[in-house]
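Reader: I have a model open on my screen and would like to talk through how it packs. Could you take me around it, a bit at a time?

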Amino acid sequence: MDSLDYLYQKYYLDDNSNQNTSSHWKKWGNLSKVKKDIKKGKNIFELQGMGFGDQQKIGLKNIIKFLLSSPYLIWMAKKSKRKFIKPFISTLHKSRFLPTFDSVKSLKLLSHLDEYMNLSNLKNILIIGDGYGFLGNFFKNAFPSIRIFQVNLGKILFFDLYYSEKNIKEENCTLISQIQKPLNQKDLGGGILFLEAEIFQNYTDYLPRIDLVLNVASFQEMNHKTISQYFKFIRSPKNSGLLYLCNRESKILPDSSEIKFENYGWDKNDQFIFDELCPWYQNFPSLRPPFIHKFDGPMRHSLVKLSNA
């Protein structure tokens with residue numbers, strides 16, 4: 001079965017969503033919609049995402065929104081590294097997206113990380129909660145030899161996979177749960193691989209050494225038990241332990257539980273390479289006056305080498 005069809009059947013028709021997920025995703029997860037049609041023997045999907053970003057497809061209303069927000073986006077993109085501009089534009093073009101706050105923050109992120117490491121030396125990176133897959137596709141367009149692992153809730157992973165298939169050849173997009181165990185490196189290939197968060201713990205032993213894990217604004221929407229499971233995986237001796245994360249310092253979920261950055265599960269032996277309020281992720285553009293708004297709380301980002309378990 002085609003991978004998109006598989007996810008559509010499993011998470012939109014049969015709704016095999018994890019009932020132990022956080023209250024945030026119990027609220028927002030069902031608001032994302034995917035409709036399927038068949039034209040000339042081909043599957044046509046219509047997507048409407050809610051609660052995980054503001055990527056905007058090309059259309060009159062969104063073009064007007066882009067033009068009004070462009071001064072802020074241009075200011076925001078200043079000092080980004082020139083070498084990333086071409087793959088950034090390529091990712092927008094292939095995805096049929098207009099530049100938005102969410103896409104420009106990915107440009108800022110790669111430019112910032114490039115100051116601290118040689119990104120081209122990475123072999124395997126894992127992204128937790130990429131939404132529309134933009135960061136992963138941008139990374140792949142900038143560094144084609146890097147293998148990308150995308151982990152997301154099944155319903156949202158559909159969006160990651162859908163837009164990745166527009167960026168790289170479909171045969172280079174692999175849904176790991178469709179590979180028969182035990183997995184080997186040949187099965188994984190060298191493209192972009194996708195794994196549902198609902199079954200992530202069942203596959204950790206089969207994944208290769210992960211050189212870098214990225215999490216942008218999604219730990220803040222999980223419960224602490226789930227965050228702890230990801231930290232345990234990152235701390236595994238087979239992985240590098242290197243983690244970049246950018247999340248709200250504190251966020252109240254719909255069930256009134258509070259998720260705090262400082263309580264993610266740090267160890268005294270963790271080594272922070274940088275740890276600060278994220279300079280490009282405190283405000284966002286909007287069509288509502290005064291047009292530039294603060295997020296509901298400070299966003300902190302860190303690059304940290306987690307100690308081994």
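**A walk through the packing**

Author: Eight of the eleven residues of α1 are buried, so α1 is largely enclosed by the rest of the structure. Buried means under 20% relative accessible area, exposed over 50% and partly exposed in between, with a 1.4 Å probe and protein chains only. Helices (H or I, at least four residues) and strands (E, at least two) are DSSP runs numbered from the N terminus. Bear in mind that this is a predicted model, where local features need pLDDT of at least 70 and side-chain atom pairs count only at pLDDT 80 or more, while totals for chains, interfaces and linings use all residues. Residues are numbered from 1 along each chain as its sequence is written, and side-chain values use heavy atoms, leaving out hydrogens and water.

Reader: Which elements do the buried residues of α1 pack against?

Author: Start with the residues themselves: S3, L4, D5, L7, Y8, K10, Y11 and Y12 are the buried ones in α1. Contact here means heavy atoms within 4.5 Å. On that basis, the partners of those buried residues are β1 (33-39), β2 (42-48), α7, β7 (173-175) and β8 (192-196).

Reader: Are α1 and α7 roughly parallel or antiparallel to each other?

Author: The axes of α1 (residues 3-13) and α7 (residues 154-167) come within 9 Å and cross at roughly 160 degrees. Those axes are lines fitted to C-alpha atoms, for helices over the stretch in contact, and angles run from 0 to 180 degrees between N-to-C directions. Angles under 35 degrees count as roughly parallel, over 145 as roughly antiparallel, 65 to 115 as roughly perpendicular and the rest as oblique. That is why the pair, α1 and α7, comes out as roughly antiparallel.

Reader: How many nonpolar residues are in the contact of α1 with α7?

Author: On the α1 side you have S3, L4, L7, Y8, Y11 and Y12, and they meet G154, K155, L157, F158, F159, L161, Y162 and E165 in α7. The contact of α1 with α7 holds two polar and two charged residues, and its nonpolar count is ten. For the classes, Ala, Val, Leu, Ile, Met, Phe, Trp, Tyr, Cys and Pro are nonpolar, Asp, Glu, Lys and Arg are charged, and the others, Gly among them, are polar. So, for the nonpolar residues, the answer is ten.

Reader: What is the angle at which α3 and α5 pack?

Author: Two packed helices are described by the angle between their axes and the distance between the axes. Y72, L73, M76 and A77 in α3 meet F101, V104, K105, L107 and K108 in α5. The contact of α3 with α5 has seven nonpolar, no polar and two charged residues. With axes 9 Å apart, α3 (residues 60-77) and α5 (residues 101-113) pack at an angle of about 10 degrees.

Reader: Is F139 buried or exposed?

Author: F139 lies in helix α6 (residues 134-142). Leaving aside neighbours within four places in sequence, F139 touches L110, L119, I125, I146, I148 and L214. With a relative accessible area of 0%, F139 is buried.

Reader: How many disulfides does a search of the whole structure find?

Author: A disulfide is a pair of cysteine sulfur atoms within 2.5 Å. C246, buried at 1% relative accessible area, has its closest cysteine sulfur in C278, 4.0 Å away and too far for a bond. Across the whole structure, the number of disulfides is zero.

Reader: Which residue does a cis peptide bond join to P182?

Author: Most residues other than glycine have a negative phi, and most peptide bonds are trans. P182 is found in the loop between β7 and α8 (185-188). The bond is cis, with omega about -5 degrees, and the partner of P182 is K181.

Reader: What is phi of F291 near?

Author: F291 lies in the loop between β14 and β15, and P290 is in that loop, between β14 (283-285) and β15 (292-294). The peptide bond from P289 to P290 is cis, with omega near 5 degrees. F291 is partly exposed, at 46% relative accessible area. Phi of F291 is positive, in a residue other than glycine, and is near 80 degrees.
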